[in-house]
Each structure stands twice: as structure tokens, then as C-alpha cells.
Amino acid sequence: MISRHVSRFQTAFPVPISEKPDSAITGPPGATSLWKLFATSFSGGRVEFYCGSASKSYRTLRHVNQPRSLYIHVPFCAHRCGYCDFTLVAGKDHLAEKYLDALSLEIDRELQIHGDAELATQPKPEIDTVFFGGGTPTQLSAAQLKRLYAIVHDRFQLTSETEFSVEANPARMTDEKIAVLADAGVNRISLGVQSFDDATLTMLERDHRRADVFGCVDRVKVRIANVSLDLIFAVPGQTLALWESTLQTAIDLSPTHLSTYGLTFEKGTAFWTRREKGELPQASDDLERQMYEVAMEKLAAADFHQYEISSFARPGFRCRHNQVYWSGQTYFGFGPGAASLMNNERRQNHRSVTTWLKKVLAGESAIGDVEKLDPESRARELLVLGLRTNDGVERAWFQETSGYGLNDLAGETINRLIEKGLLEETGSTIRLSHEGRFLADTVAGELL
Ligand code: SF4
């Protein structure tokens, strides 16, 4: 819903992927670059999961193919914000029931379920993390959210340990919807706050205001204590002082998790056009860098541990779902624009909501593009994604997981990046240096 915007220090990944995943590989929908594809908002949970470690619970690329993570893209919003290029339809809530019809058909097709009788008897795939992203999942009515949950529940086995995240907009999060989500087992809410300054929210063309956020957080926490907030910096007109105050207000609300993203101008958006016409002044690189730096300092001081370029969590509340992407594990993705990773293929659904609806309702495949991933490509992706995390990439784990030694795969490049001060090696682990976090795109570009 909001969270996929990453800073221009972090984007610009030179790998063309069929469609633009936003929710990413969060299964997701629509990103133009691999970096973005994997830069989602998935978050929350009690079990820490270290990408770079050889933890016993870790399922390696070589050992596990059956996805245990599920992303559902819900492509509805009240209107399209000026900077947003996600897969969605704005002001078309009348399509929601059709969307739910199509979603169940798409999942049944993928799981090869033929009819209700089989659905009732077929063993359900067990799922560790579920993420409803968008769009705005909470744009659905309470009854439609119930139906969405039933579609998932009828086809997948969720357990008491499953991390179940839903993206929400502070503007329309009614008590009834909160109750439906909590009753369904949702245990993590990712709120698209973006700013606590009404002028900044107006600039972003958001449809909520500062006051909406406070009431919403209070009401959500009554039922779902694990709340993550998304914030955007480098918004035209936003000063460093204003950004610091936004961070402080967010900290004061005591969320479990925060995600911060630098505003990006994506081709095809209203913001892109306005900037081209000189109507929208883009924040300077210097200011954006200062804002990111301040976020890292301020959040660390408030006991939010940065565990990925854009993600900060209280102890025990890293987003398990996002970590699935960053650690190269397989996942299901359903809904328009959603991506799946399995069988060494990345499958990307049609990004146009109407095309996706038409195809699925006609009994055809939802998939618009299939990218075959050879072992070396997967290994390079794993390296680049792992470097997004502050834990970095541990050599033995990488070899075990990808089948490639880091030196054989990219030894010279890694050494050069270490010499440039963009990567650092501690023991047997490679990670981005502090400077490297500002130039993550450059690092990624050299390693892919
Ligand atoms: S709320 Fe705005 S930014 Fe979020 S998905 Fe909808 S249109 Fe995009």
C-alpha cells in the first residue's frame, strides 16, 4: 500500500523484470527493478530469522521448494496517490466481489484443486507467513475481508505461529474491520502513515490526516498489538526538522516496527509528470541522505534495530514475511501483479487488474511472465538480497544455500567493493558498510 517506495539511494536496480512489482515480492505486484521487487513492506513477528546465519530453522534454497509464505495482492484504493505506481484500481470497489471470485479460482488453479469436494478433502499447504498487501486491503468491506480470509483459510493451513500481516490505511480502518481481522488471526498491521504533517500528507495526495493516525493506532492496538508504521521522507517541501519531528511522533506511538522510504518519482505517475514540468521540486541528494542518516540515528537511539535498509524493529519484531524474500526462499503470490517464486521460476501475474480478472474468470492462467532462474542468477540474487539485511551474508551459509562459494561467484567484485568502503567483512560475513547503505544500488548493480 505504501511501503514499497525506496530511496533513490536504494533503487535503480539494473535488472529488468517483466512487470513492476510493488508489493513486491511480497509477492508482488509491480516493481520495475529487482531491488524494488524485493523491497516490500512485509513485516512482523516473534521469531527472529537471520538471513545470514546457518540457523537450524532456515530452509535453504537447495532443500526446500514448497513455499511456506503467501502473498495476496488486494488491488483497491479510494484514489491513486500522485507518487504511486502500484498495481491497483482506484474508485472501483464494485469490482471487489469479482476479484474475490477470481482470487479463489487462481489459487485453486495453482494448487490444482478441481471443485468444492476436492477442496474439502485436499491436504492444505502449511504456511508460516501470510501478507495481504495492495493497494489497500482494508478498502474491502468487513464482509469482503471475511470472505478473503475464508478463501485463504479454506486452502492453506495457518497455525498459531503463522505471522499474518495486513496493510491498512488509517483513513478507513473501522472497528468492525479491525474485529474481523483480529478474529481471523491477523497478528500484524502495517499502517500507511507516511507523515504526521498535514501539509506533507496533502502534498503526497494521501486521503488521511495526522489526527486519523492517532485514533487508528489506538483502536488497532486494542485487538492487534503488533503495529508497524510506514513513513516517507524526501517529500517536496519537507524539511529535515519536519522529518525529525515525524520520526519522533512515530516513536512516541510505540509501534513494534517502522519502515522508512525515500520518495521516488516513477515514470507514469502524476508526480513524475509534475516534476518534468518543473512543478514539483525534488529533494536534493544531500537532504535525502541527511534524512536517511537521521532516521538511522534516531531510531537506533529509541531501541529500533535496523535489520534491513528500510526496516527497523523492536527486539523480536522483525518482519518474517519480508525476510523470506531477502533470504531467497520460495513463496506463493496471488492477485493481479503478484509474483511467486518456486521451481526455480519467478512467475509474475498480469499487472492490469482488468486483464487479470478477465483471464482468471475465463479459466485461463493469471501468469503474464515466467522468468527461469538458472543457479548462478539465483545465487547472485540471493547475495544481493542478503546484502539488504544488516546481518549480511555469511560465507558458509551462502555456499550451503546457493551451491556457490562467494569467492568463486563474485570474489573480485566483493574485494573491490570492500576497498571502496561500500562492503565490509567481519569474520566470515560480508555486509554493506554504513556508507554502502547509501549506495546500495551501486553495490547491487556490480554484483548482479
Ligand atoms: S494508498 Fe496511495 S500509495 Fe498506497 S497503494 Fe493506494 S494509491 Fe498507492
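How many bridges join strand β9 (residues 305-308) to strand β10 (residues 311-313)? There are 3 bridges, and the two strands run antiparallel. Two strands are said to pair if DSSP finds at least two bridges between them. Helices (H or I, at least four residues) and strands (E, at least two) are DSSP runs, numbered from the N terminus.

This is a predicted model, in which local features need pLDDT of at least 70, side-chain atom pairs count only at pLDDT 80 or more, and totals for chains, interfaces and linings use all residues. Residues are numbered from 1 along each chain as its sequence is written.

**The chain as a whole**

The protein chain has 17 helices and 17 strands. Of its 448 residues, 53% are buried. A residue is buried if 20 or more other C-beta atoms lie within 10 Å of its own, exposed if 12 or fewer, and partly exposed in between, with C-beta atoms placed from the backbone. Two residues are in contact if their C-beta atoms, placed from the backbone, lie within 7 Å. Among contacts between residues at least 6 apart in sequence, 74% join residues at least 24 apart.

The expected span of a helix is 1.5 Å times one less than its number of residues. The table sets this beside the distance between the end C-alpha atoms.

| Helix | Residues in helix | Expected span | End-to-end C-alpha distance |
|---|---|---|---|
| α10 | 17 residues | 24 Å | 24 Å |

The arc is that of the directions from the helix axis to the C-beta atoms. An α-helix has 3.6 residues a turn, so residues three or four places apart point the same way. After α8 comes Ser254, with a positive phi near 55 degrees.

In α10 the buried residues are Glu288, Met291, Tyr292 and Ala295. Their arc around the axis is only 95 degrees, which puts them on the same side of α10. They pack against β7, α8, β8 and α16 (434-438). The face of α10 turned away from this buried side carries the exposed residues Asp286, Glu297, Ala300 and Ala301. Asp303 follows α10, and its phi is positive, near 70 degrees.

**Val220 in helix α7**

Val220 belongs to helix α7 (residues 210-223). Why does Val220 count as buried? It has 23 C-beta neighbours inside 10 Å. Leaving aside neighbours within four places in sequence, Val220 is in contact with Met173, Ile178, Ile189 and Val227. The C-alpha atoms of Val220 and Ala182 are separated by 9.1 Å, although the two residues are 38 residues apart along the chain.

Strands of a sheet pair through backbone hydrogen bonds, either parallel or antiparallel. An open sheet of 3 strands has the order β15-β17-β16, and its pairing is antiparallel. β15 (393-394) and β16 (423-426) are the edge strands, each pairing on one side only. Strand β17 (residues 429-432) is joined to β15 by 2 bridges. Glu394 stands opposite Thr429 in β17.
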